[in-house]
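Here are my notes on chain B, jotted down as numbered points. Have the model open while you read.

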Amino acid sequence: MDRRKFVQTAAGAVATSSLRLKLPQADASVKDLCMRALNAAKTAGASYADVRVGRTRLQSVSTREQQITNLSDTETYGFGIRVLAQGAWGFAASRDLSASEIDRVARLAVAQAKANRRAMQHPITLAPTPSVTDGHWRSPIETDPFDITIEEKVGLLLRANAEALKVAGARFVNSSLAFVKDAKTYASTDDIFTVQEVYRCFPQMNVTAVDSTRGLFETRNSAEVAPMGLGWEWVLKSDLPGNAQRWAEEAVQKLTAKSVEPGRYDLILEPHHLFLTIHESIAHPTELDRALGYEANYAGTSFLAPPQQVLGKFRYGPEFMNIQGDRSQPGSLSACGWDDDGVVPETYLIIKNGIVVDYQTTRDQVAILTPLTGRQRSHGTSYAESWADVQFQRMPNVSLLPGERDLKLDDLMTATDNGIYIVGRGSYSIDQQRYNFQFGGQVFYEVKGGKITGMLKDVAYQARTPDFWNSMDMIGGKSSYLMNGTFSDGKGQPSQSNAVSHGCPPARFKAVNVLNTGRDRG
Amino acid sequence: MADWSGLSRAAARQLCERVLALSKAEACQVNVTAGTNGNTRYARNEVTTAGDADNASVSVTSRFGKRVASVGTNLLDDAGLARAVETSERLAKLAPENPELMPLLPAQMYAEVPALSEATANLDAARRADAVRAATSASGRAGLMAAGLVHRVVGAGAVANSAGLFGYHASTTVVHTLTVRTPDGKGSGWAGTAHNDWTRATGSSLLATRAVRKAHGTHDAAALDPGKYTVVLEPTAAGNLLSLLAFSLNARAADEGRSFFSKRGGGNRIGEKIVDERVTIVSDPQDPDLLTSPFTGEGLPVGRTVWIENGVLKNLANDRFWADKQGVKPTPFAGGFRLESAGAAATLEELIKGVERGLLVTRFWYIRPVDQRTLGYTGITRDGVFLIEHGEVSGAVNNFRFNESPVAMLNNLVAVGRPERVSSSESGDVGGPAVVVPPLVVRDFSFTSVSEAV
């Protein structure tokens, strides 16, 4: 789909949804506050301004064994005004939505931009984006989790815990539910006004098996249950009570599992594990701000730099490797109608046939890449954690597209002589340029002669990103594609949290270096 | 300055009393947090973004017998508070009983902790931009690129309950961290500072000078194989790893058999010598370089606690329930700590002089647990690893991945230097704990692979 056609389609979808939805923050008084903020900023000297009025509710329920450990429900409401004055950014925010405070905060943001000008060299320019007069978007939830009673939520967790504790050797179990509703009204001086209501939920549990006579303990968490941009229906579908015994049995099994012999193995990585490897070793290094040095002091830079030596040239992996950026997969964590620049996010390829062809961008970054890509618009990856934080470039959903042949996990297994099959995310660590990584998992299985021959433990694999992705030699097809994600990905200073999904099929990687993390540290 | 003008002790008490007056629960606790957060970011030698945000919120915890629930809001008008109180009561009535719920604490006495600095509170956008310019000027003059953060928070926290308890603590914290890189990306150096008081933090020009020197020094670092090396850990690097040890000092996990501090066969390892006898780890809210809150979220006083004394495990952090069950006094961990070693006064430079062959490490990053049984962690060195030969730094080498345990590290101690307050959080903002640690010399530190990242 070309860019123009995509924009038209997206705009059509928005127009349809605005007829159906009545969102609380579409209230005229909120719009008036937004317009007041923009006017106050312009009066104070801003050449551009945007305002976000945010109201976020977070509910969490936590349990251990047969008791509740925490029940909390938190709401935060406020606004943030971002301005450009003399080519510099300024941002100020407050929880007080009175007219006088909006005026004060707008003036503060402009004064701050002017103060920042003294330590700036290059004025900011923004890529154009179409106006939106009254855009509405809501996560595709079926049942609002905030309408479900606390008894039902607690009951579900305690049932799951009871199931886990039926397994001999399972000593402790923790479980929790977290729900977020993020209502956001956005307006900018580029004639954009949007109202969105984003939902996220995360069911989790963790079982601990203990062998105190040998001083051993092992855990197994609900790694296959993804956090999603969905409602209560996702909690029911996740079926913690139905899975709890299996997770508990695997925690107990890990106590006596064979400790892995270090060496080189073919790895079969299923989607609930592989998503995190994609997140760390592909999604982060293709952030343009990292590649240019803007995140050098914390999140780091990227080995994919400088862009002129990367785009259209750098081979990341095999010919069948295609990586997509999007904020539109239904139920994905980063899905939205507009980003925090007021831009409709694009679905686009970051890696095409194994070659890097694009980065993630926001409006203030587009001009940097235009000479290389010819692109005039942002991909729509601007995001702020809350009304109190300034928006900046955050990753969209970054996904490994399935292969053309509809291979299944079993096909990968059958084709493997000496391998390790890894299930679920575990420990993860990667360097600041995204070269050297080390990943663990939840459960590990030895694969010999095309079959699982037993459970392993103490497994971690360590590799260099381009070597690892170029060792991928098999990939699952469309029917084996799954999404998982991270509820809190940190980036920026002060650090902000972002929720994002990654889809992928299972894939096989040849001769990867495997360490034993339990035997010794050398 | 004992009170923060944004939320004085009197205003905090009044807000708490408004909430308690609305409560119809059998018991009620109120927590108030208010603050203003100012930051300025820079990269490529210029300001990129900045932010100033004001917020204040209350959390209402209502109890009916052993049933309890908390509701938080930043809508502090009468209607907002009434809604929070009513919702917390409704949720608490619906919650199952929590058998571990302890009775509310009565009124307590708290230590005075003067953690509010006027200089930090006054660090507005213009002053932060001046600090940025001091750093970027030094970097620009050297032909290098600086990226960093000046971040300060000023605020207050209070706790009150229906049993008559009230506590108030105002504080400031400021951090300035920066990474200076060579334009070709082949050299990178870091420096950072953190304190309650901006006047006691390292000055921006001096910080930039340190980072510039490291960026130049790491350019075209030599290749060195992984393996076990004697390392000199700069205070920040030591703080990165020791924080992991401090935060694992949990009594319940140990008693339940799922911690490094669990004793085989049951119980915990209090009383055992677990690290080198030169190591003592202490938390004290009144330590002039820590100045952490003198009470916990439920209002339990936090005093001086010795966790490890001369290498022997003396205490593990205990909440009120677990302490009561074990028949001991609760020992809350309040977030900050100091590693001290009697008589250790050596500077980093003096420690380097004592090393025949080893590696000097600036800081670690992306540290994640790999084995809870041994407190094993993995992570990466960054922004400056230097080879030491015959007591002198002879040049830079590549970065490494480590797989190491802070406990094993403290058993392989060679020498300890003079402690200082560091910015030890990986994020380089004010979010981390207050940490005062010395530079350390450690033998047989496990680097398991090379990282070609710069």
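1. Let's start with the hairpin of β4(B) and β5(B), which has four residues between the strands. In its turn, Gly164(B) has a positive phi of about 95 degrees. Strands here are DSSP runs of E, at least two residues long, and helices are runs of H or I, at least four long, both numbered from the N terminus.

2. Before going on, the ground rules: this is a predicted model, where local features need pLDDT of at least 70, side-chain atom pairs count only at pLDDT 80 or more, and totals for chains, interfaces and linings use all residues. Residues are numbered from 1 along each chain as its sequence is written, while chains are lettered from A and ligands numbered from 1 in the order in which they are written.

3. Back to the strands. β4 (residues 145-161) of chain B runs antiparallel to β5(B), with 16 bridges; two strands pair if DSSP finds at least two bridges between them.

4. On to β6 (residues 188-195) of chain B, which pairs with β5(B) in the antiparallel sense over eight bridges. Here Val174(B) has His195(B) as its bridge partner. The hairpin of β5(B) and β6(B) has six residues between the strands, and Gly185(B) takes a positive phi near 75 degrees there.

5. Is β5(B) mostly covered or mostly open? Mostly covered: 15 of the 16 residues in this strand (166-181) are buried. Buried means 20 or more other C-beta atoms within 10 Å of the residue's own, exposed means 12 or fewer, and partly exposed is in between, with C-beta atoms placed from the backbone. For chain B as a whole, buried residues make up 58% of the 454.

6. Now the domains. The assignment for chain B gives domain 1 (9-217) and domain 2 (218-242 + 343-451); such bounds come from an automatic or database domain assignment. Contacts (C-beta atoms, placed from the backbone, within 7 Å) link 21 residues of domain 1 of chain B with 16 of domain 2 of chain B. On the domain 1 side, β4, β5, β6 and α5 (204-218) of chain B each supply at least two residues, and β6(B) gives the most, with seven.

7. Last, the whole chain: chain B has ten helices and 19 strands. Its C-alpha trace spans about 70 × 60 × 35 Å along the principal axes.

Methods
Two residues are in contact if their C-beta atoms, placed from the backbone, lie within 7 Å.
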